[in-house]
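Thank you all for making time this morning. I would like to walk you slowly through one protein, so please keep the picture in view while I talk.

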Amino acid sequence: MKIYNTKTLRLEEFRPIKEGEVKMYVCGPTVYSDIHIGNTRPMIVFDTLRRLFEELGYDVKYVSNYTDVDDKIINEAKKRDISELELTDEMILRVEKIRKLLNTEKLYKTPRVTETMEDIISFIDELVMGGYAYEVDGDVFFRTNSIDDYGSLSNQILDDLKAGARIEENSKKESPLDFVLWKKTEEGIKWKSRYSIGRPGWHTECVVMIHKELGDVIDIHGGGKDLRFPHHENERAQAKALYKTGLANYWMHNGMIDLDGVKMSKSLGNIMKAKDALENYDAMVIRWLLLSAHYRQDLNVSDEIIKSSETELNKVLNSLRQAQLKLALNDQEIKDHESEYYGRFMEAMEDDMNTPNAYSVIFDIVKVINQTVRSKDVDMQRLSKLTASLMKMLDVLGISYHHLTLTVEDRSIYEKWQEAKSQKDFESADKYREILQERGIL
């Protein structure tokens with residue numbers, strides 16, 4: 001298994017901290033409004049990575065958080081005249097519904113910032129006592145020059161960062177690169193600390209939740225590439241200061257999503273909400289689309305592109321259904337997925353999750369399955385193996401499909417359909433076909 005590590009900018013062989021186990025953390029959404037389709041990409045990418053590891057025999061502990069403390073949450077709750085808790089509870093339920101529709105596996109843990117506050121405050125205290133952070137007028141800042149390799153995760157030069165940093169007038173910070181760990185505030189949800197009444201900074205929350213749920217260092221830390229700097233850089237800096245670790249051995253970042261060729265932006269008004277996409281299209285079509293490009297590449301989304309993905313996936317699933325039907329009618333079990341195609345598929349997936357190459361293998365096996373189903377003398381053993389291979393590939397990608405089984409009644413209707421066709425009784429044939437389609441057999 002090879003992974004592109006954005007820390008080293010190299011493709012590296014994956015070596016777990018503990019044999020047979022993968023600890024993975026992916027930054028979750030800030031739950032102040034409905035998530036957009038871009039938020040679903042890391043959900044799907046890292047769920048697929050998890051499935052791949054599980055197919056390779058690993059036990060995966062996959063954690064993703066909910067950021068339920070934020071200025072946007074406070075402002076939205078005020079606007080709707082409800083509490084922050086009411087708002088975040090509602091939005092988390094909506095996210096969970098979307099996760100389920102997209103067929104993502106249940107996460108090991110889904111910590112919330114508000115439920116981790118005691119640990120966050122203790123963590124900040126330790127940073128201050130160690131000289132890695134300092135307090136000014138109730139605010140606490142991380143001292144970036146307290147570690148020797150700040151900027152190394154995002155591969156940025158400190159002088160360039162300093163030159164590009166916005167230095168506020170009368171800034172409390174010792175350096176423009178220092179960032180907030182604790183913010184004094186009188187507005188919205190807040191907690192008491194030794195520094196002030198306030199709430200934590202975003203960059204501190206995730207590193208604490210990682211430490212609490214998975215330990216000092218994990219195998220993989222993931223998220224969108226927009227989080228690489230400053231969020232992930234600042235997470236790593238705090239872990240380096242207090243735990244003397246790089247927080248994660250492998251850093252993985254997925255590309256962004258453009259809408260109709262333009263970067264999605266709320267300010268531009270070109271946002272596709274996930275719930276709207278899932279109301280208009282089958283969830284598996286959205287999943288298929290978001291895995292169609294390599295996860296590190298940006299992906300353009302439009303109605304036309306979604307419809308093209310729908311056509312592709314329907315061809316795959318129709319082929320699978322016809323193969324399942326042929327085998328069921330001949331009382332053949334579907335087993336033994338070890339085929340040349342499965343091997344090629346896994347080779348592509350183990351190469352930094354190269355889904356475009358994996359899709360090519362799927363298109364190849366679909367072509368062979370169609371030819372096999374249509375042949376006069378069907379090799380049932382080969383068809384069984386090919387069908388099992390295709391099913392296993394779809395399982396790894398997280399694409400759900402219909403597991404076709406035939407009842408005695410189903411067989412009877414199918415035989416009547418075939419008989420009506422042979423007798424050119426098209427009215428009866430259409431009736432039986434409609435029943436078979438409703439049952440997912442045709």
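This is a predicted model: local features need pLDDT of at least 70, side-chain atom pairs count only at pLDDT 80 or more; totals for chains, interfaces and linings use all residues.

Let us begin with Asp258, whose bridge partner in strand S14 is Asn300. Strand S12, residues 257-259, pairs with S14 in the parallel sense, and three bridges join the two strands. As a reminder for those new to this, strands of a sheet pair through backbone hydrogen bonds, and they may do so either parallel or antiparallel. Here three strands make up an open sheet with mixed pairing, and their order is S13-S12-S14. Which strands are the edge strands? They are S13 (262-263) and S14 (299-301), each of which pairs on one side only.

Next, please look at helix H11, which covers residues 340-349 and whose buried residues are Tyr341, Tyr342, Phe345, Met346, Ala348 and Met349. Seen down the axis of H11, these buried residues fall within an arc of 155°, and therefore they line one face of the helix. The face turned away from that buried side carries Glu340 and Glu347, which are exposed. What covers the buried residues of H11? The cover includes three helices, namely H1 (37-55), H12 (355-374) and H13 (380-397).

Is Lys61 buried or exposed? Its relative accessible area is 18%, and because buried means under 20%, Lys61 counts as buried. The side chain of Lys61 makes a polar contact of 3.0 Å with the side chain of Glu21. If we set aside the neighbours within four places in sequence, the residues in contact with Lys61 are Glu21, Val22, Lys23, Met24, Tyr108 and Leu214.

Finally, let us step back to the whole protein, which has 15 helices and 14 strands. Along its principal axes, the C-alpha trace spans about 90 × 50 × 35 Å. Of the 442 residues in the protein, 53% are buried. If we take the contacts between residues at least 6 apart in sequence, 77% of them join residues that are at least 24 apart. The accessible surface comes to about 21000 Å², and carbon and sulfur atoms account for 45% of that surface.

Methods: Residues are numbered from 1 along each chain as its sequence is written. Side-chain values use heavy atoms; hydrogens and water are left out. Buried means under 20% relative accessible area, exposed over 50%, partly exposed in between (1.4 Å probe, protein chains only). A polar contact is a pair of N or O atoms within 3.5 Å; within protein, one must be able to donate a hydrogen and the other to accept it, and residues adjacent in sequence count only if both atoms are side-chain atoms. Contact means heavy atoms within 4.5 Å. Helices (H or I, at least four residues) and strands (E, at least two) are DSSP runs, numbered from the N terminus. The arc is that of the directions from the helix axis to the C-beta atoms. Two strands pair if DSSP finds at least two bridges between them. Accessible areas come from the Shrake-Rupley method with a 1.4 Å probe; for residues, only the protein chains shown count as cover.
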